[in-house]
Amino acid sequence: MTLSRKAACNTHGQDSSYFLGWQEYEKNPYDESNNPNGIIQMGLAENQLCFDLLESWLAENPDVAGFRNGGESIFRELALFQDYHGLPAFKNAMVQFMAEIRGNKVSFDSDKLVLTAGATSANETLIFCLADPGEAFLLPTPYYPGFDRDLKWRTGVEIVPIQCTSSNGFRITAPALEAAYQLAQKRNLKVKGVLVTNPSNPLGITLTRHELTLLLNFVDAKGIHLISDEIYSGTVFNSPSFVSIMEVLVDRSHVMKSELRNRVHIVYSLSKDLGLPGFRVGAIYSNDPMVVAAATKMSSFGLVSSQTQYLLSAMLSDKEFAKNYIVENRKRLKTRHAMLVRGLRKTGIPCLESNAGLFCWVDMRHLLTSNTFEAEMDLWKKIVYDVGLNISPGSSCHCVEPGWFRVCFANMSEDTLDLAIQRIASFVNNTTSSSENIDGYSRHLSSKNSRRKSSLANWVFRLSFHDRERER
Ligand SMILES: Cc1ncc(COP(=O)(O)O)c(C=O)c1O
């Protein structure tokens with residue numbers, strides 16, 4: 001065997017439909033002039049709506065991109081900088097940006113911030129610091145498919161689902177939390193904490209104050225940690241407005257044990273709010289000095305480059321720019337979100353009512369041939385190969401109900417989104433008016449290479465049966 005057990009271990013999840021959809025897109029990407037029948041990528045939570053604002057700022061501040069300060073080159077200084085604590089000016093700019101996004105209702109101390117190469121690294125680092133191999137974190141379903149890789153793969157930590165359903169709009173409840181805790185115990189897994197995304201990926205909803213209080217009470221009672229991944233905190237475009245776990249913690253400090261403060265940690269990143277996933281800028285925020293110290297040591301494996309820190313510290317320290325950007329970004333996301341929701345509604349496809357994120361959680365249960373994950377996969381394959389849209393099936397997010405899909409709306413032009421909506425509309429019309437598609441689709445599938453089919457089939461099998469087996 002060439003690879004180590006860890007490297008070969010499939011908890012990475014790369015054969016999930018979430019990643020397979022990306023591969024299919026790469027083989028046949030839509031391009032308005034060169035490949036107008038190609039697949040439109042709607043499975044990527046990127047924010048491309050405000051590049052013009054970032055580019056204008058760069059044009060107005062040529063010194064920054066040219067690595068100059070007051071006209072003097074700082075190239076050598078940046079090239080040599082390697083303090084793994086990060087540039088103080090950048091950390092200050094980050095905490096102020098985080099506060100601005102939260103309407104300055106809470107403030108953050110830059111000494112409690114650890115820089116990481118994106119939220120991916122922040123999440124893995126936190127899990128590494130808080131749990132040993134074989135211990136568990138509870139996560140509400142549906143959850144971001146990348147978490148199987150980020151939280152489990154290298155750390156050896158397990159994820160136990162907190163099962164949320166459409167019956168209450170996928171909200172977290174006390175019985176669901178308790179059931180997940182009991183399930184972990186039944187599997188002999190020691191629970192070290194709960195991890196939530198707020199706003200939620202893939203639901204696009206913000207957690208309510210009630211849910212946040214419930215979570216705090218739960219982790220308090222169990223003596224465990226709470227990680228709040230707030231990577232989408234700046235994407236909240238409709239009411240109710242965003243409430244950070246840090247706000248609830250401050251508001252309830254009189255009734256909460258003070259040591260609970262040290263068990264609540266935030267993950268953040270500029271990948272979504274600023275639309276810069278390529279810059280790899282993330283952060284951990286924790287009140288616990290031991291966690292901050294351990295995470296800082298760990299951060300050596302995923303530092304943010306000094307030129308990126310320099311550039312973004314100048315950009316984010318421009319208070320007026322940062323303020324306007326946040327407002328304009330929300331406005332544009334709101335318009336896009338409304339466009340997708342309206343377009344889908346016209347075709348009879350509802351979305352979970354949402355107020356945040358770069359995607360909608362779309363209900364296509366009525367388009368399934370049966371209430372199973374196999375039928376969900378069949379529908380997904382049709383949508384990818386026949387309709388030409390890569391969307392993410394709910395099963396890739398560990399949703400317990402077949403028929404839900406995550407559809408992204410901010411990583412393309414308005415015209416492309418319009419075309420995607422047209423494609424869906426004609427698919428729905430054809431599907432409901434004839435059963436021909438099914439036969440045509442079978443023929444289409446049989447001509448595709450069998451390796452892909454078997455890897456998909458294996459994945460569906462593992463997801464729908466294996467996970468359940470383990471939950472019993
Ligand atoms: C909830 C959540 N956490 C973390 C990440 C990873 O983000 P980054 O690009 O900052 O590593 C994503 C990316 O989609 C995400 O949706």
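## An aromatic cluster

Let's start with three rings that belong together: Trp57, Phe321 and Tyr325 make up one aromatic cluster. Keep in mind that what you're looking at is a predicted model.

## Pairs of rings

How many aromatic pairs are there? The count comes to 12. To picture any such pair, you need the distance of the ring centres and the angle of the planes.

Take Phe67 and Tyr310: this pair is tilted, at 6.5 Å centre to centre with 50° between the planes. Phe67 sits in the loop between helix H4 (62–65) and strand E2 (68–69), while Tyr310 belongs to helix H14 (residues 306–317), so the pair ties together parts that are 243 residues apart in sequence. Tyr310 counts as buried, because its relative accessibility is 12% and the cut-off for buried is under 20%.

Now for Phe108 and Tyr285. Their ring centres are 4.9 Å apart and their planes are at 85°, so this pair is edge-to-face. Here, too, distant parts of the chain are linked: Phe108 is in the loop between helix H6 (88–101) and strand E4 (113–116), and Tyr285 is in strand E10 (residues 282–286), 177 residues apart. Both Phe108 and Tyr285 are buried.

Which residues form the negative surface patch? They are Asp31, Glu32, Glu414, Asp415 and Asp418.

Zoom in on Asp31 and you'll find it in the loop between helix H2 (17–27) and strand E1 (40–41). With a relative accessible area of 32%, Asp31 is partly exposed.

Methods. Residues numbered from 1 in each chain as written. Predicted model: local features only at pLDDT ≥ 70, side-chain atom pairs only at ≥ 80, totals over all residues. Heavy atoms only, no water. Patch = residues over 30% accessible without salt bridge, like charges linked within 9 Å, V, L, I, M, F, W, Y side chains within 5 Å. Areas by Shrake-Rupley, 256 points an atom, 1.4 Å probe, with all protein chains shown as cover. Salt bridge = Lys/Arg side-chain N within 4 Å of Asp/Glu carboxyl O. Lys, Arg positive; Asp, Glu negative; His and termini not counted. Charge placed at Lys NZ, Arg CZ, Asp CG, Glu CD. Helix = DSSP H or I, 4+ residues; strand = E, 2+ residues; numbered from the N terminus. Buried < 20%, exposed > 50% of the residue type's maximum accessible area, 1.4 Å probe, protein only. Phe/Tyr/Trp six-rings, centres within 6.5 Å; stacked < 30°, edge-to-face > 60°.
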